[in-house]
Amino acid sequence: MGEASGAGGRPAGVLLPTPAPEVLERVLSQRYGPLPRAAAIARLRKQPAGGYQPAGDLAEMLERRQAANAKERERIKNLNSGFSKLKTLVPLIPRDRKPSKVDTLKAAAEYIRLLRLVLEETGGFERQDPDAEQELGGSGQGGPGTWPGRAPPCPWGPPVLRPCPGPPQESGGPVYPASP
C-alpha cells in the first residue's frame with residue numbers, strides 16, 4: 001500500500017501556500033459576497049453638495065485614538081489590579097467559584113459592616129458625625145433589617161468559623177474565634 005493521498009493527488013497533511021491577498025479577496029468575495037471593510041476612524045463633515053469629507057488630519061486622529069485606547073487599557077488594568085488586591089483582603093468571598101467584581105464589592109461591604117459592629121460592641125468606635133452615619137448605611141432610616149438602615153445580608157451565608165489550632169480548652173472541645 002502507498003501513502004494516503006489528499007485532494008489532487010498530494011500527500012495528506014501537506015500545507016499549501018496562501019494565495020496573494022488580491023487573489024484571496026476575489027475568491028472569497030465571489031464565494032461569500034462583499035467582504036467587510038475596516039471602518040473609517042475619521043470624523044466626517046457634510047459638504048454642501050451632499051457628500052462627506054474627512055474633517056481633519058487622518059494621521060492626527062489615529063494618533064489621538066491610539067492614545068485614548070492606551071489610557072483606557074491602563075485604567076482597566078488598574079481597576080482589575082485593585083479588585084485583585086481587594087479579593088486577597090476580604091475573607092468573606094465565596095471559594096466555590098471565581099467571584100465576580102460584584103461579589104467582591106458585596107463581600108467587602110459586608111466585611112466592613114461586620115468590622116464596624118465589632119468596633120461598636122467593643123467600644124472602639126465613636127460616632128462623630130450623624131450625617132456620615134447615614135452615608136455608611138447606619139440606622140438613620142427604615143426599620144431593623146432594611147436597606148439603607150442595614151447592609152444586605154451576605155448572599156452566600158455567614159462566614160464559617162474554623163477551629164483555632166492549638167490545645168483544646170478545659171471543656172475538651174475545639175476553640176473557635178470570637179464571633180463578630
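**Briefing on a predicted single-chain model**

Among contacts in the chain between residues at least 6 apart in sequence, where contact means heavy atoms within 4.5 Å, 15% join residues at least 24 apart. This is a predicted model, in which local features need pLDDT of at least 70 and side-chain atom pairs count only at pLDDT 80 or more, while totals for chains, interfaces and linings use all residues. Residues are numbered from 1 along each chain as its sequence is written, and side-chain values use heavy atoms, with hydrogens and water left out.

**Overall make-up**

- The chain has four helices and two strands, these being DSSP runs numbered from the N terminus, with H or I over at least four residues for helices and E over at least two for strands.
- Read from the N terminus on, the elements follow the order α-β-β-α-α-α.
- Of the 180 residues in the chain, 12% are buried, where buried means under 20% relative accessible area, exposed means over 50%, and partly exposed lies in between (1.4 Å probe, protein chains only).
- The accessible surface of the chain comes to about 15,000 Å², and 58% of that surface belongs to carbon and sulfur atoms; accessible areas come from the Shrake-Rupley method with a 1.4 Å probe, and for residues only the protein chains shown count as cover.

**Buried nonpolar residues and their contacts**

- The largest nonpolar core has six residues in all, namely Val90, Leu92, Ile93, Ala107, Ala108 and Leu114; such a core is a set of buried Ala, Val, Leu, Ile, Met, Phe, Trp, Tyr and Cys residues joined through side-chain atoms within 4.5 Å.
- Val90 is in contact with Arg95, Ala107, Ala108 and Tyr111, once its neighbours within four places in sequence are left aside.
- Thr104 has its place in helix α3 and counts as buried, at 0% relative accessibility.
- Not counting residues up to four places away in sequence, Thr104 touches Phe83, Leu86, Lys87, Ile93 and Pro99.

**Salt bridges**

- Side chains of opposite charge can pair when their charged atoms come close.
- The structure holds five salt bridges, each defined as a side-chain nitrogen of Lys or Arg within 4 Å of a carboxyl oxygen of Asp or Glu.
- One of them joins Arg75 and Glu72 at 2.9 Å, N to O, and both residues lie in helix α2 (residues 58–89), three residues apart, about one turn of the helix.
- Arg75 is partly exposed, with a relative accessible area of 46%, and Glu72 also counts as partly exposed, at 37%.
- Another links Asp103 with Arg97, whose closest N and O atoms are 2.6 Å apart; Asp103 is buried, with a relative accessible area of 10%, whereas Arg97 is partly exposed at 43%.
- Glu120 and Arg116 also meet in a salt bridge, at 3.9 Å from N to O, and are separated by about one helical turn because they stand four residues apart in helix α3 (residues 101–122).
- Glu120 is partly exposed, with a relative accessible area of 29%, whereas Arg116 counts as buried at 15%.

**Nonpolar surface patch**

- Leu24, Leu28, Tyr32 and Leu35 form a nonpolar patch on the surface, with about 340 Å² of accessible area together.
- Patches are made of residues with over 30% relative accessible area and no salt bridge, with like charges joined within 9 Å and nonpolar side chains (Val, Leu, Ile, Met, Phe, Trp, Tyr) within 5 Å.
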